[in-house]
Amino acid sequence: MKHELVNKPDFDVLVLSGDIDLHHSPTLRERILSSLKGGRPLLIDMQEVSYIDSSGIASLVEGFQTAKSSNLHFGLLSISSPTLQVLAITRLDKIFSLYETEDSFIEILEL
Amino acid sequence: MTQETAIEIRDLVVEYGNRRILNSIDLDIPLGQISVIMGGSGAGKSTLLRSMLGLKKPTSGAIRMLGTDICTASPGQLQEFRKQMGVAFQGGALFTSMTVGENIQLPLRQHTRLDENTIQIMTRIKLDMVNMLPHEHLMPSELSGGMTKRAALARAIIMDPKLLFFDEPSAGLDPITSAELDELIIKLKQSMNMTIVVVTHELESVFKIADRIAILGDGGLILAGTPEEIRASDDPRVVGLLNRTPRQVNVDVDQHLRRLSGLQEASDKK
Ligand SMILES: Nc1ncnc2c1ncn2[C@@H]1O[C@H](COP(=O)(O)OP(=O)(O)OP(=O)(O)O)[C@@H](O)[C@H]1O
Ligand SMILES: [Mg+2]
């Protein structure tokens, strides 16, 4: 897994790529939580993620919960269809806010 | 069509003591598909599973798993392989002194150093998959048969295994629960790309979930193929299994009665 945090004017984007499994999810968790500590909305760019296991998904769930309790928007961008299937099997596709473009996330922030 | 093979079984012989249970089995388990193993009680289905898991050492032959022969693998290699395998045993095999949730987390605690929150969320994700989320805090003794099987499945998939082995998932379950388990098994294949080996007697299940079917009997492999090939077989043992005709055994009434009653006549004792 590779990761890069990009600071936009009103939010952060965490760009992920590669496989996210047991070895990487602690890093993912730490990145998400530390970014949220900054008090800014977070968009996770999943476009280049080839595989995410349930430890990675658990980190996303914890991030989402943390963001919610701080009243911050937390979105997932460009989820691939295999990942979507993994989310769907536990109905998490209905829980997360999924975005196809960064602009649609910005629109939500401006509401 | 060429397919990649997850498990390659070659000329496998398995014995208990000097009783030969499996004789010269050749079988390929294709990657990313659901293979179903069928056969009468005592045919050696569980024994074949145990051999594939490296729990029962074969007398001879080879079992290559993702390219490595597990029969000659070192204990260390076997340990690494097991992390990629999930197993739900016939009887559930949950630890009675732990809650359902604790049972399911056990592999994560043994094999990973994940954060406690991550472990808790993963546990609930898997419990939700098998519709057991409300029962996380129950003890195994408080579970019904179907709940025990679903808990065992949740534990088997907690590490997102590449290979999932499932012994008799639906035996003794009501039709709705067993249909839900079938759905779940299919979803695990589709969404997580798992290679799944299921032992089952339930014909309805078999033809719903199987990509490949292997039928054991008479100490060996009777037939392996696609569901269509199995259905088209005219081997009487296969036809019998699919039509559930009881085995025809010639019964000598007098002799059978004597055997059951334990009374022997002088003429038998010679
Ligand atoms: N640990 C053991 N020690 C000795 N014999 C065994 C052992 N386990 C199984 N067997 C014998 O091996 C044969 C095959 O058993 P196995 O459990 O593999 O059958 P099965 O096909 O799984 O049957 P079932 O459908 O009843 O679960 C049986 O005759 C059984 O008695
Ligand atoms: Mg068995």
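This short report walks through a sheet and some helices of chain B in a predicted model.

## How to read the model

Residues are numbered from 1 along each chain as its sequence is written, while chains are lettered from A and ligands numbered from 1 in the order in which they are written. Because this is a predicted model, local features need pLDDT of at least 70 and side-chain atom pairs count only at pLDDT 80 or more, totals for chains, interfaces and linings use all residues, and side-chain values use heavy atoms, with hydrogens and water left out.

## The sheet

Let's start with an open sheet of four strands in chain B, ordered E2-E1-E4-E5 with antiparallel pairing. Strands E2 (19–30) and E5 (68–69) of chain B are at the edges with a single partner strand each, so one side of each has no neighbour in the sheet. Strands (E, at least two residues) and helices (H or I, at least four) are DSSP runs, numbered from the N terminus; two strands pair if DSSP finds at least two bridges between them.

In chain B, E1 (residues 5–16) and E4 (residues 60–65) are antiparallel partners over five bridges. One of the residues to look for is B:Ser60 in E4(B), the bridge partner of B:Val13.

## Two helices side by side

Now turn to H3 (residues 100–111) and H5 (residues 145–156) of chain B, whose axes come within 8 Å and cross at roughly 30°. Axes are lines fitted to C-alpha atoms, for helices over the stretch in contact, with angles from 0 to 180 degrees between N-to-C directions. H3(B) and H5(B) are therefore roughly parallel (angles under 35 degrees).

Where they meet (contact means heavy atoms within 4.5 Å), B:Val100, B:Asn103, B:Ile104 and B:Pro107 of H3(B) face B:Ala151, B:Ala154 and B:Arg155 of H5(B).

Conventions: Parallel < 35°, antiparallel > 145°, perpendicular 65-115°, else oblique.
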